[in-house]
Amino acid sequence: MKKKSTTEDIINQMKLYFRSDFKRIDHALSVLGYARQIMEDISCNREIVEAACVLHDIGIHMAEKKYHSTAGHLQEKEGPPIAEKILKDLGYDREFIQEVCLIVGNHHSPGKVETANFQAVYEADWLVNLQDDFKHFSEEKKMSLIAKNFKTGRGKKLAKETVANAALSEEECIRYSRNIQLEEVGPAGQLKLKKARVLVIGVGGLGSPCALYLAAAGIGTLGLADPDSVELSNLQRQVLHFTKDITKSKVFSAGQKLSALNPATRIIEHKTRIDKSNISGIVTEYDFIIDCTDNFASKFIINDGCIKAGKPFSHGGILKYEGQSMTVIPGKTACYRCLFTEEPSGDLAVKYSRAGLLGPVPGIIGTIQAMETIKYILEFKDLLTDSILTFNGLKMIFRRVVVKKKDNCPACGKEKTE
Ligand SMILES: [Zn+2]
C-alpha cells in the first residue's frame with residue numbers, strides 16, 4: 001500500500017459519497033468499532049481491516065438503495081465499483097485492494113476468526129473477479145495472501161485442500177462456498193457431490209423441488225425419468241415447469257431449467273416409464289435413486305428393482321395435505337415392502353389418485369428427499385432409515401415412526417419367495 005490510510009480519510013471519503021446520509025455514516029462508524037475487534041483477533045493491519053469493513057458496508061448500502069432489498073448477492077453488482085472508486089481516489093494500489101478484498105469476509109463474524117478466514121477467500125472474489133485487472137487472480141496468489149494475513153486456522157487448511165483439489169474449479173469453489181464452509185462437507189465433500197450420479201424418477205410435484213436442490217448443490221450427473229408431457233393442471237405444484245412448457249416433455253422442460261440453474265450438472269433424460277422390464281438396466285448407472293412417482297404400482301417396482309440391484313433409494317409419497325418419506329439401503333435397512341406388503345387394490349389406488357393435493361406438500365417432501373440424497377452421498381450417519389417420516393400439513397405435525405426390517409419381506413427378507 002502506497003498511501004497512508006487513516007480512519008479519518010475513509011470517513012471523509014464516505015461523507016462525500018453519502019452526502020447528507022448521516023444515519024448511514026453513523027452506522028459505518030459502528031462498523032469501525034468491530035473492525036478493531038477483528039484486528040485484535042487476527043493481529044492484522046489495522047488500516048486494511050477498517051477499510052474492508054467500510055467497503056463491505058458500502059456494498060450493502062448501495063444494493064439496498066437500488067433494489068430496496070437486503071439480499072446479499074446484490075452487493076456483487078453495486079458494491080465493487082463504488083469500493084474500487086473510493087480506493088482509487090484514496091490512492092491505493094492493486095496489492096492493497098487485493099488485501100482489502102481478502103479481509104472483507106471477516107466482518108460477518110467478528111471474533112469467530114476461523115470461519116471468517118475461510119469465508120474471506122470467497123467473499124474476496126466478488127470484489128476481485130469483477131475487476132478486469134484481477135480476472136486471473138490465481139489460487140496460488142490467494143494462498144500466499146491468506147498465509148500473509150492469517151496465521152493459523154481451519155481457513156488456511158481448507159484453502160490448501162481446495163487448491164490441492166484441482167477437480168474443483170475456482171468458479172465451483174465460489175458457487176458452492178456455503179456447502180464447502182460446512183465442516184462436514186468441505187472441498188472433499190463437494191467433490192463427492194460432483195462425482196455422484198443420481199436418478200430422479202418422476203419429474204413432477206416431488207421431483208421438481210428435489211431436482212432443483214440437487215442441481216443447485218452440485219450433483220454432477222442427474223438422471224431424469226418421466227414418460228409424460230407437461231399439462232396445465234401440473235403447474236399448481238410442479239414448479240420446474242412453466243406455462244410455456246405445456247405439451248413439452250417433462251424431462252426436457254426440467255432439463256432446461258436445471259441446466260440454466262447449474263450448467264455444470266450433466267442431465268440425462270430418460271423419457272420413459274420405469275417398469276419391471278427396464279428398471280434394472282437404468283438404475284445400474286446411478287449411485288442413488290429417488291422415487292418421486294405418483295402411483296403405487298411404480299413405488300413397488302422401484303422398491304423391488306432397487307433392492308434387487310442393491311441401489312439405495314429415497315421413497316416419497318404425498319396425498320391431499322399429507323406426505324411421507326423413508327430412505328432404504330438394500331440389505332441393511334427396512335424397505336417399502338417391509339411396511340406395505342402389497343399394493344392397494346385398483347379401486348383404492350384410483351380413489352387416491354383423485355384425492356387432490358395442496359402444492360407445498362410435495363415441495364416439502366421432495367426437499368426432504370433431496371436432503372437425504374445429499375446426506376447419503378456425503379456418507380452422513382443419520383439417514384431416514386428403518387423409519388418413516390410422516391407429515392401432516394393441516395396440523396403441521398411431523399412424526400417419525402420406526403419400521404422394522406422383516407425376515408419374511410417379499411422384497412428384502414431372507415425368506416423371500418422370489
Ligand atoms: Zn423389505
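Guide: Strand 5 and strand 6 run antiparallel, joined by seven bridges. Strands pair if DSSP finds at least two bridges between them. Helices (H or I, at least four residues) and strands (E, at least two) are DSSP runs, numbered from the N terminus. This is a predicted model: local features need pLDDT of at least 70, side-chain atom pairs count only at pLDDT 80 or more, and totals for chains, interfaces and linings use all residues. Residues are numbered from 1 along each chain as its sequence is written.

Visitor: What stands opposite Gly 323 in strand 6?
Guide: Ile 318.

Visitor: And how many residues lie between strand 5 and strand 6 in the hairpin?
Guide: Two; Lys 320 in that turn has a positive phi of about 55°.

Visitor: Is strand 6 largely enclosed or left open, and why?
Guide: Largely enclosed, because five of its seven residues (322-328) are buried. Buried takes 20 or more other C-beta atoms within 10 Å of a residue's own, exposed 12 or fewer, partly exposed in between; C-beta atoms are placed from the backbone.

Visitor: Which strand pairs with strand 6 over four bridges?
Guide: Strand 7 (residues 387-392), in the antiparallel sense. There, Leu 389 is the bridge partner of Ser 325.

Visitor: New topic. Where is Ile 368 found?
Guide: In helix 18, residues 360-377. Ile 368 is buried, with 23 other C-beta atoms within 10 Å.

Visitor: What is Ile 368 in contact with, leaving aside neighbours within four places in sequence?
Guide: Ser 325 and Leu 389. Contact means C-beta atoms, placed from the backbone, within 7 Å. So that bridged pair turns up again.

Definitions and conventions:
Two residues are in contact if their C-beta atoms, placed from the backbone, lie within 7 Å.
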